[in-house]
Amino acid sequence: MDLDRIAIKLRLRESWEGIDLGFTMARQWFINLWLIWLCSALPVMLLLVVLPLPLWLAGLILWWLKPVYEPPLLYWMSRRVFSETISLRGVFSDWRKIVLPQLIAMLSWRRFTPARSFFMPVVVLEGLRGERRKKRINVLAKNSGAASWLTIVGLHFEVILQFGLLGLILALIPEDLLWTDWQSYLFDPDPVSEWLHHLTALAAMSLIAPFYVAAGFALYLTRRSQLEAWDLELGLRRMAQRHETRPATTRNSLLACLALLFFAFSLPETAQSVEMSHQDAESLIQEVLSDEAFGEEKTVNYWEYVGEEENQSDESDSAFLSWMESIAESTAFLGELLLWIMVIVLLAYLLHWYLKNRSAFGRTVIEQSHRRVAPTIVAGLDLRPESMPENPSVKALEMIQQEHPREAVALLYRATLSRLVHHYALPIKAGDTERQCLDRSRTLQIPDLFDYLSELTAVWQQLAYAHHQPQKSQLIDLCRAWIDHFGGRDAG
C-alpha cells in the first residue's frame, strides 16, 4: 500500500465525516461503479427470468445475492483511491478471488450483518479468514455503529426510490392503458406488476449500491488512518522528500554557520562580570523592571470546566439505561431468531420445489410428457389424438388429389403439432402462435424435424393467411416427408 499515491486527503475524521467522504467518492466515480454493479447483477436477473421460479422467489433471490454484486465495486475503488487505473475487464478477470472467498458465509449467517460494507474490505482487500479476521474486526469495530446506521438508512432509501420510480412510471401511463392500481399492485399483483416491481427494485439497488459500498470503504480507511496514523506517516514522508530535494539549502545553512563563527571571533572581548551584593542586585533588578519597556500587568477572566455536580438522579438514570439496554438486547435476539426462521422456511420451500420439479433436472422428455397436461387446441387447431385420421399423411394425399390443398395442409400441420406434443413432449401452450410453436421446437434439438416444421409452417401461413396456392409437387413432398419423420401411424 503506497500512501504517497493516495488520491484522498488523509486526516483524522469522525465516522460521519468518513461517510461523507465515501459519498463524495461515489459521486466522483458513479458511472464506473454503476456499470460494474450492473455487470454483476444483470446476468443474475436474466438467469432468474429464464428459470421457472415464482416471481416473488426470483425477486427474493435477486435481493439476497447483493453480497455477490458489491465486492467488485470495492475492488475497483481500492485501486482508484491509490491512483491506479483499472478497467472493467480487469475487475472481472479477478472475479474469482474477489467474490468467492467466504461467499457462502456472506450469503448465509453473515447476510444480515448490519456493518457489512465496513467489514467487507477485511475479506476482499486484506484476505483475512478465521481467527485473524475475527481479531481484525474486533480492532476495527469502533466505527461499526455508523456502518450499521448506513445500512439501515440505505435500505430505507432503496424502498423510497423504488416506489418513487413505480409512481413515476404509473403516472406517465395513460389511464386507458393502465392495467392496475395501487391496491391491486400491493395485494393482488399480476405477473406484469411483479416484473415491474423487480425491475424498479433492481434500478433502486443499482443507484444506492455505489454510495453504500463507497461509504463503507471510506469508514474502513478512516479507521485504519486512526489506528496506523497514516496522516502522520504521510506528513513525515513529505518532509523527508522536501529535505532530500533541497541540497542547496543545506549548503547555504553550512555557509551561514561558518560566517557566524567568523563574526564571533572578530568581536571585541566582552566585559568582565561585576561583583555586587545580593541587596544591590535586587534593587538593580527592581529598577530595571520598573521601566515601561517591560510591559504592564492586566487581569484576564476566563471560564474553566470544574465538572458536574453530583446528582441524586444518577442512580435512577443508570437503572433506566440498563433496562433499555436489556430491552434492546431482547429485541435484537428476537429479530435474529425471526431471520433464522425465515431462512429455514425459505430453504424448506426450495427443497420442496426441487423435489416437486426434479423431473426437469435430468428426466427424459418422454417421462416428462406423462406429468404435464398437453393442450387440446392450439391456434384454433384440434390436437387431440382421437380427432386424427388413422394415417394423416395418406389422408392428406387424398385431399390433394381432390383439389383440397388447404384442408390437406391443415391436417398435416395439425397432425405434426399433435405428434410433437404427445410423443416429443414439446411444451406448447394453448395461446401459442405458429411462430412460437416453431421456436419451441428448437428445444428438441432435431435439425431435420425443425427444418420440416419450418417449411410446413411457411406453407400453412401462406395458404391460410395470404391465400397463396403452393405447388402440388411441394405438397406431395411434405406428405412423404411426414411419413419419414413420424411414420404411417395415427397422430395420437
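By a nonpolar patch I mean a group of nonpolar side chains joined within 5 Å, from residues with over 30% relative accessible area and no salt bridge. This is a predicted model, and I will start with one such patch on its surface.

The patch covers about 600 Å² and is made by Leu155, Val159, Phe163, Trp182, Leu186 and Phe187. Helix H11, residues 144–172, and helix H12, residues 182–187, each supply at least two of the patch residues. Leu186 sits in H12. Its relative accessibility is 47%, so Leu186 counts as partly exposed.

Some overall numbers. The protein has 23 helices and two strands. Of its 492 residues, 35% are buried. The accessible surface comes to about 32000 Å², and carbon and sulfur atoms account for 60% of that. Among contacts with a separation of 6 or more, 74% are between residues 24 or more positions apart.

How many of the residues of H9 are buried? Nine of the nine, so H9 is largely enclosed by the rest of the structure. Among them are Arg116, Phe118, Phe119, Met120 and Pro121.

That list includes a charged residue, Arg116. Which residue does Arg116 form a salt bridge with? The partner is Glu70, with the closest N and O atoms 2.9 Å apart. Arg116 is in H9 and Glu70 is in the loop between H4 and helix H5, so the pair links distant parts of the chain, 46 residues apart. Both Arg116 and Glu70 are buried.

A second bridge joins the side chains of Arg224 and Glu126, at 3.9 Å from N to O. Arg224 lies in helix H13 and Glu126 in the loop between H9 and H10, so this pair ties together parts 98 residues apart in sequence. Arg224 is buried, with a relative accessible area of 12%, whereas Glu126 is partly exposed at 24%. Glu126 and Arg224 also belong to a network of salt bridges with Arg136.

For contrast, take Arg435 and Asp439, which form a salt bridge with their closest N and O atoms 3.7 Å apart. Both lie in helix H21, four residues apart, about one turn of the helix. Asp439 is partly exposed, at 33% relative accessibility. In total the count is seven salt bridges.

Arg133, in helix H10, is buried yet has no salt bridge. How far away is the nearest side chain of opposite charge? That side chain is Glu131, 9.5 Å away, and a salt bridge needs the nitrogen within 4 Å of a carboxyl oxygen. Leaving out residues up to four places away in sequence, Arg133 touches Gln102, Arg110, Val122, Val123 and Leu128. Val122 and Val123 are among the buried residues of H9.

Last, two backbone notes. Glu403 has a phi near 65°, a positive value in a residue other than glycine. Glu403 is in the loop between helices H19 and H20, and is exposed at 57% relative accessible area. Gln445, also not a glycine, has a positive phi of about 55°. Gln445 is in the loop between H21 and helix H22, and is exposed at 70%.

Definitions and conventions. Residues numbered from 1 in each chain as written. Predicted model: local features only at pLDDT ≥ 70, side-chain atom pairs only at ≥ 80, totals over all residues. Heavy atoms only, no water. Patch = residues over 30% accessible without salt bridge, like charges linked within 9 Å, V, L, I, M, F, W, Y side chains within 5 Å. Areas by Shrake-Rupley, 256 points an atom, 1.4 Å probe, with all protein chains shown as cover. Buried < 20%, exposed > 50% of the residue type's maximum accessible area, 1.4 Å probe, protein only. Lys, Arg positive; Asp, Glu negative; His and termini not counted. Contact = heavy atoms within 4.5 Å.
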